[in-house]
Amino acid sequence: MKIISLLSSRIDLHIKKLCNRLTSRQQLIITVLLFMFFSLAAIYTLTIAAYRVGKEDGKVINIEHIERVPLYKPLKPMNDEKE
């Protein structure tokens, strides 16, 4: 675990150094680009999921009703201490 922690902290420091070198305008551009990329990825994922549900008239998802779980009575009562 120490190796993972050490590696993680080194990577974190390296990324912070790289970000501190950027101007505020460059940071803003990178932030907006990443936001747009992840937004488009989320919209694409939702669109594909909705398309697949609508495809084949909704037969892909089968909804089952909850059924009662059969309960079994114990063979011998728990409070019986006649043995």
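Author: A salt bridge here is a side-chain nitrogen of Lys or Arg within 4 Å of a carboxyl oxygen of Asp or Glu. Keep in mind that this is a predicted model. Searching the whole structure turns up 1 salt bridge.

Reader: What makes Lys16 and Asp12 a salt bridge?

Author: Their side chains meet at 3.7 Å, N to O, and the cut-off is within 4 Å, so the pair counts as a salt bridge. In general, side chains of opposite charge can pair when their charged atoms come close.

Reader: How do you know that Lys16 and Asp12 are separated by about one helical turn?

Author: They sit 4 residues apart in helix 1, so about one helical turn lies between them. An α-helix has 3.6 residues a turn, so residues three or four places apart point the same way.

Reader: And why are Lys16 and Asp12 called partly exposed?

Author: Lys16 has a relative accessible area of 45%, and Asp12 has 37%. Buried means under 20% and exposed means over 50%, so values in between are called partly exposed.

Reader: What about helix 1 as a whole: why is it said to lie largely in the open?

Author: The number of buried residues among its 20 is 0, so helix 1 lies largely in the open. For the chain, buried residues make up 0% of the 83 residues.

Reader: How do you know that the reach of helix 1 is close to what is expected?

Author: Helix 1 covers residues 2–21 and reaches 29 Å from its first C-alpha to its last, against 28 Å expected at 1.5 Å a residue. The chain has 2 helices and 0 strands.

Reader: What makes the aromatic pair edge-to-face?

Author: The search of the whole structure finds 1 aromatic pair. Phe37 and Phe38 form that pair, at 5.2 Å centre to centre with 70 degrees between the planes. Centres must lie within 6.5 Å, and planes over 60 degrees apart count as edge-to-face, so both tests are passed.

Reader: Are Phe37 and Phe38 buried or exposed?

Author: Exposed: Phe37 has 53% relative accessibility and Phe38 has 55%. The cut-off for exposed is over 50%, which means that both residues qualify.

How values were computed:
Residues numbered from 1 in each chain as written. Predicted model: local features only at pLDDT ≥ 70, side-chain atom pairs only at ≥ 80, totals over all residues. Heavy atoms only, no water. Expected span 1.5 Å × (residues − 1). Buried < 20%, exposed > 50% of the residue type's maximum accessible area, 1.4 Å probe, protein only. Phe/Tyr/Trp six-rings, centres within 6.5 Å; stacked < 30°, edge-to-face > 60°.
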